[in-house]
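User: I am new to reading protein structures. Can we go through this one step by step?

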Amino acid sequence: MELFDLHCDTLGECLKAGKSLFQNDMQLDVRRGLFLSPWVQCFAVWIPDEMRGSEALQFFDRAVQLLDQESVSHPELHRIFSGNDLDALKPGECGVLLTVESGAVLAGSLEQLQHLYQCGVRMMTLTWNGSNELGGGVRSSSSLTPFGVKVVREMERLHMAIDLSHASERLFYSVVEHTEGPLVASHSNSRSICPHLRNLTDEQFCLIRDRGGVVGLNFAPPFLCQKGGACAEDIYRHAEHFLELDGEKTLAIGSDFDGTSLPEDIYGIASMESVYEIFLRHGCSEALIHRIFFKNAYDFFHSL
Ligand SMILES: [Zn+2]
């Protein structure tokens, strides 16, 4: 089967724990994912809210260093910088797309965005849950700061995807107001199905849809099911709702592996086949499943 996953935290977790991206005991490693073909995995560098300034800059650089080392040791890692790199992806390879979670990584400097781009970053969430130099995450209520406005404009100019997962509602709408291009929510579900602040309202989903963006289904139990006891089937309930909102060209996967606990019947990257089978069992056409698990995200980054 194929997969284009818009979000995992594996790279940062490997860095913190001194583990290998290729082979580890976490939810995702490249070795266990190589049954996926083609496979493109977004690897996020998560900057926690309390990590600021030079500490954030250094953490990002160390993560890139680790990724570079792993790419040299393991030719199965195929770095993605452009649409041509996506086209060149071969079976038995993991297409590695570098992303960032929280604009705190910029330490308030617009020039830093250029550095990120050169390192291969093609998508960035503006915030994590709290506030930073750019604006407010879901635990705050602030919109884009003047610096945040400059950042989103520069991201559009550089063709770096603006990721609104973790954004507060005010931030979300202020980004809509200050941008024209596609927007992404790399790992967020539906608030109509599970009323969690990290999930998208129908209106937010439709705005992303109308801008030609993508939304990745998140496997984190609190975002899947309010009652508790989340299972893989809940992922389909969110997908079904987004599909009712004409989301067949918007919907994608944003697993959040190694950034969250998982439903009781999902163990990590090796469980992707059983998630895929749930969609088949519900009668989704292979063409639709192809869109959700791969093509929508592929097309998005190819035309970025
Ligand atoms: Zn996240």
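User: What spacing do the donors of the zinc ion follow along the chain?

Analyst: This is a predicted model. In it, the zinc ion is coordinated by Glu-101 through OE, and by His-166 and His-187 through NE2. These atoms sit at 2.0 to 2.1 Å from the zinc ion. Along the chain, the donors follow the spacing E-x64-H-x20-H.

User: How many residues apart are Glu-101 and His-187?

Analyst: Glu-101 belongs to strand 4, residues 94-101. His-187 lies in the loop between strand 7 (183-184) and helix 8 (202-210). The pair links distant parts of the chain, 86 residues apart.

User: Is Glu-101 buried or exposed? And His-187?

Analyst: The cut-off for buried is under 20% relative accessible area. Glu-101 has 3% relative accessibility, so Glu-101 is buried. His-187 has 0%, so His-187 is also buried.

User: Why is strand 5 described as largely enclosed?

Analyst: Strand 5 covers residues 121-125. It is largely enclosed by the rest of the structure because five of its five residues are buried.

User: Which residue in strand 6 stands opposite Met-124?

Analyst: Strand 5 and strand 6 (residues 161-163) run parallel, joined by three bridges. With helix 6 (residues 146-158), these strands make a right-handed β-α-β unit. Opposite Met-124 stands Ile-162.

User: What do the buried residues of helix 1 pack against?

Analyst: Helix 1 spans residues 10-17. Its buried residues are Thr-10, Leu-11, Gly-12, Cys-14 and Leu-15. They pack against strand 2 (39-46), helix 3 (53-73) and strand 4.

User: Which backbone oxygen does the side chain of Arg-79 reach?

Analyst: Arg-79 is in strand 3, residues 77-79. At 15% relative accessibility, Arg-79 counts as buried. Its side chain makes a polar contact of 3.0 Å with the side chain of Asp-68. At 2.9 Å, the side chain of Arg-79 also reaches the backbone oxygen of Cys-119.

User: How far apart in space are Thr-260 and Pro-221, C-alpha to C-alpha?

Analyst: Thr-260 lies in the loop between strand 9 (251-253) and helix 11 (272-281). Thr-260 counts as buried, at 17% relative accessibility. Leaving aside neighbours within four places in sequence, its contacts are Gln-27, Ala-220, Pro-221 and Ser-255. Thr-260 and Pro-221 are 39 residues apart in sequence, and their C-alpha to C-alpha distance is 8.2 Å.

Conventions
Residues numbered from 1 in each chain as written. Predicted model: local features only at pLDDT ≥ 70, side-chain atom pairs only at ≥ 80, totals over all residues. Heavy atoms only, no water. Donors = N, O, S within 2.8 Å, 3.2 Å for Na, K, Ca; no water. Helix = DSSP H or I, 4+ residues; strand = E, 2+ residues; numbered from the N terminus. Buried < 20%, exposed > 50% of the residue type's maximum accessible area, 1.4 Å probe, protein only. Pairing = 2+ DSSP bridges. Right-handed = clockwise from strand over helix to strand, strands pointing away. Contact = heavy atoms within 4.5 Å. Polar contact = N/O pair within 3.5 Å; in protein donor to acceptor, adjacent residues only side chain to side chain.
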